[in-house]
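Dear colleague,

I am handing over the structure that we spoke about, and my notes on what was found in it follow directly below.

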Amino acid sequence: MNKVRKLGLSLLNSLLPVLCAFAIGAVIILIIGQNPLTTYWIMIKNTLFTWKGFMKTLHYASPLILTGLAIAITFKANIFNMGVEGQLLGGAFASCIIGFSLKSMNPTAHVIICLLSGIIVGMLFALVPAILKAYFHVNEMVVTLMLNYAIAKILQVLASTVFRDKAAGYVATSPIESSAMFNRIGGTSITLFFPITIVVFIAMYFVFKKSRLGYEITAIGRNTEFAEASGMNVRRKIIYMMLISGALSGLAGAGFMMSEKFKYTLDFSGSPGLGWDGMLIALLGGHDPIGILIAAVFYSALKTGSDSIGIFANVPKEIVAVIQGLMILFLSIRFIDQRTKVFENFKTRFISKKAQTEEVQ
Amino acid sequence: MDYQRLLYDAISCGAPIILCVLGGNFAHKANVLNIALEGMLLMGAFTSVLFTMLTKNILLGILICILINLIWGIVFSVMCVTKKGNPIIAGLAVNMLATAICAFLLKVLGMANLNVNSIVNVAGLKIQIPVINQIPFIGGIISGHPLMTYVSFIAIFVMWVIMYKTKFGVYVRVVGENEDAAVSVGINVNRIRYIAVLIGAVCSALAGINLSLEKMALFTNDMSAGIGFIAIAAIFCGSGRPGLTSIYAIIFGLAQSLAINLSISAGAYSGLFNTIPYFMIVFILAVVSIIKMKNNRVRGFKNE
């Protein structure tokens, strides 16, 4: 009973903010003179209720699952790695450069090298704030936010000078070799990247739920000083967490590059960016792996669906970013916490009413 | 390099950072981490230009802009003071919402950016201070800034007085240092925190006005470029003290001005100079944190 109640509470805590955000989004759509219900229906019709569309949703969900996990593993320990976006861009750029500069490679080897380079660059970018946080107590949030801007600027310069593809009419690198691309499977949008994501997801599930590190992350998040006092090496754990987070973001970037974009452009990660989407997904999923998986698929459906509302419903697709912001705003508070006794209140009211009526009789 | 230009730009770039820092100090001292400065700054920049364009009146535009930012401040404080939500997540949500709303409204209006050059005369808004602008070198640096830049420097003193010489300032610091003690002597903790956040909202509105309306008469997407976060770095470095944090704000302004002035003559690689402020902030924050840690005598790891 207690377990069911806990699950119900966490479900309500994730669902209510989403509903509130959509309600306010609907008001905004009404104000600009469109019908919110048809807009929302167009958004999810193709992406959730057709086979091809759903495959596309899963395809776009892959990087989101990874960034969601990357955010969750640090946020759960109250370490705020805001640098997922920068680490993702770095990983993507590294895999792109390896992807087009190594010619005539064995596809398997090429793919593995590209993914590894993305992971390593992501970890390197996460290592700097991790060391600063763990050994010098530098606020990791400010550092990662600042490094995001710096990394984006540096990649912009690199993409528009040294690595620029002169043939392209806009700022972009050369496309990666076909040996580094993930091919589509069976006429759908799914590539090999999705199964890889699922394997990583299962591994992370065990890290979160069954491993010692997962337990220690929860403990550090609950009470850092107690964790330290009871003998955990908090410093080393922060480095581990940030490295895992960086590796996941790097992998997300490399995979998205090799399965979807194939070259680095200035709007590679979109707006507001896959890393920031990951934050919403981690919060929506309650920092729990299964929750993250569901949230990533749901949010991916919204995001891919947002392209069609721009075409069919006359609502700018930026509305999805507004709804995303609203969701995060409402997810920052607990609508219902452990102490609010929804079911008990309901029960006592119901029973006392019954008792009253009995008394009257 | 033109040193006069460099220092003029340092003051010019430093002003919005100083305003954000001064506003954020109160929230920092009251123990509410106000990450939302960035979003409020962007919102201030956007609404001031938007409503100046709609009402064709600068003063009205500024007034509405401050009112809207107050609403944002109330939203933020409802989330993290009344509802006891996570201020970091609520703050980032405000930032993302601000960016999203600006992009959305620009799309609805069908414009790539907002331009009010026809209403606002940027050169006319620059104030020439009578005597000082006659001084050779220094006159060209200090004189000729728009109003909000001067307001920001005057505000350093005003905020210092509010923080250290008034009852309210004492209350803010008590609330931050020991909430239980504040409650026990009958201070309304939530009200103090609301006011602290709202001061931040107004100050970042002024910073936004300075950034878009006064200096360029133009709003483009993402024009805040992390100034709110830079301000938070300055607040951390100066531990929320008005004078000290303003000095850090000016240093960060100097870094931005260096980036602007160096990149003028650098050609294709000029973008690399734009990274100077960010790396410099990380470096300074690291140095300050290491010094603070050396003076810290508490055993073990403490997560703030």
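Of the 361 residues of chain A, 50% count as buried, a residue being buried if 20 or more other C-beta atoms, placed from the backbone, lie within 10 Å of its own. Please keep in mind that this is a predicted model, in which local features need pLDDT of at least 70 and side-chain atom pairs count only at pLDDT 80 or more, while totals for chains, interfaces and linings use all residues. Residues are numbered from 1 along each chain as its sequence is written, and chains are lettered from A in the order in which they are written.

Chain A holds 14 helices and zero strands, where helices are DSSP runs of H or I with at least four residues and strands are runs of E with at least two, numbered from the N terminus. Along its principal axes the C-alpha trace of chain A spans about 90 × 60 × 35 Å. The radius of gyration of chain A, taken over C-alpha atoms, is 23 Å, which agrees with the value near 21 Å that a compact globule of 361 residues would have; the globule rule is 2.2 Å times the number of residues to the power 0.38.

As for the two chains together, 43 residues of chain B are in contact with 43 residues of chain A, contact meaning that the C-beta atoms of two residues, placed from the backbone, lie within 7 Å. On the side of chain B that touches chain A, helix 4 (87-109), helix 11 (227-237) and helix 13 (276-295) of chain B each supply at least two residues, and helix 4 gives the most, with 15 residues.

With best regards

Technical notes: Buried ≥ 20, exposed ≤ 12 C-beta atoms within 10 Å, placed from the backbone.
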